[in-house]
Amino acid sequence: MAAIEHIQYVNASPAQVYDALTSERGLAEVWTDDLTVQAVQGAVNEFRFGEAGLVRVKITEWLPRSRLAWRCLDSDPQWIGTQISFDLEAREGNTAVVLRHEGWREVTEFYRWCNYNWAMFVYSLKSYCEEGVGLPFQRRRF
């Protein structure tokens, strides 16, 4: 099984970064502004990307300020059943964010496209946490 992994260093506290990854306001700035989000373990959250489709994930781990994990329930068939996690660690006044998207059955063109987009996601997260403005899907150029 293949996995995507990225690390980003954010000049913000783990609590601020965790809030960005779990709140409607934060996720609307970081990923997509067309979403339905509940910030609680077990919730099924929806992220919509226009004609590119829908991503439905279930929150499977909720450890405030340190770890968040999702299991993909609905999306592109290559995503269904995969796991996405965010591990946060305070480091010298910053937060190290490790994003993992695991459980890919194979490395495909779509896998490579998603790898690039996850890098954009952690860049957007950094921008939002440090400057108050992210780069969600609706403001990106593809």
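Modeller: What follows is a chat about the labels used for this structure.

Modeller: First, this is a predicted model, where local features need pLDDT of at least 70, side-chain atom pairs count only at pLDDT 80 or more, and totals for chains, interfaces and linings use all residues. Residues are numbered from 1 along each chain as its sequence is written, and side-chain values use heavy atoms, with hydrogens and water left out.

Biologist: Why is the contact of Glu5 and Arg100 called a salt bridge?

Modeller: The rule asks for a side-chain nitrogen of Lys or Arg within 4 Å of a carboxyl oxygen of Asp or Glu. For Glu5 and Arg100 the N to O distance is 3.7 Å, so the pair counts. Side chains of opposite charge can pair when their charged atoms come close.

Biologist: What parts of the chain does that pair tie together?

Modeller: Glu5 lies in strand 1 (residues 2–10) and Arg100 in strand 7 (residues 94–104), so the pair ties together parts that are 95 residues apart in sequence. Glu5 has 48% relative accessible area, so it is partly exposed, and Arg100, at 24%, is partly exposed as well. Both also belong to a salt-bridge network with Glu61, Arg67 and Asp87.

Biologist: How many salt bridges are there by this rule?

Modeller: The count comes to ten. Among them is Arg139 with Glu29, at 2.7 Å from N to O. That pair links the segment after helix 3 to helix 2, 110 residues apart. Another is Arg48 with Glu46, at 3.0 Å.

Biologist: Now the rings. Why is the pair of Trp31 and Phe121 called edge-to-face?

Modeller: Rings of Phe, Tyr and Trp (its six-membered ring) pair if their centres lie within 6.5 Å; planes under 30 degrees apart are stacked, over 60 edge-to-face, and the rest tilted. Trp31 and Phe121 are 5.7 Å centre to centre with 90° between the planes, so edge-to-face it is. The pair spans 90 residues, with Trp31 in the loop between helix 2 and strand 2, and Phe121 in helix 3.

Biologist: What makes Trp31 count as buried?

Modeller: Trp31 has 11% relative accessibility, so it is buried. Phe121 is buried too, at 1%.

Biologist: Why is the pair of Trp104 and Phe110 called tilted?

Modeller: Their ring centres are 6.1 Å apart and their planes are at 55°, so the pair is tilted. Trp104 is buried at 1% relative accessibility, whereas Phe110 is partly exposed at 25%. The whole structure has 15 aromatic pairs.

Biologist: Last one: what lines the largest cavity?

Modeller: On a 1 Å grid over the protein atoms alone, a cavity is a set of points where a 1.4 Å probe fits but cannot get out, a pocket is an open set with protein on both sides within 12 Å along at least five of seven lines, and lining residues have an atom within 4 Å of a point. The lining of the largest cavity includes Leu21, Phe47 and Trp70.

Notes: Helices (H or I, at least four residues) and strands (E, at least two) are DSSP runs, numbered from the N terminus. Buried means under 20% relative accessible area, exposed over 50%, partly exposed in between (1.4 Å probe, protein chains only).
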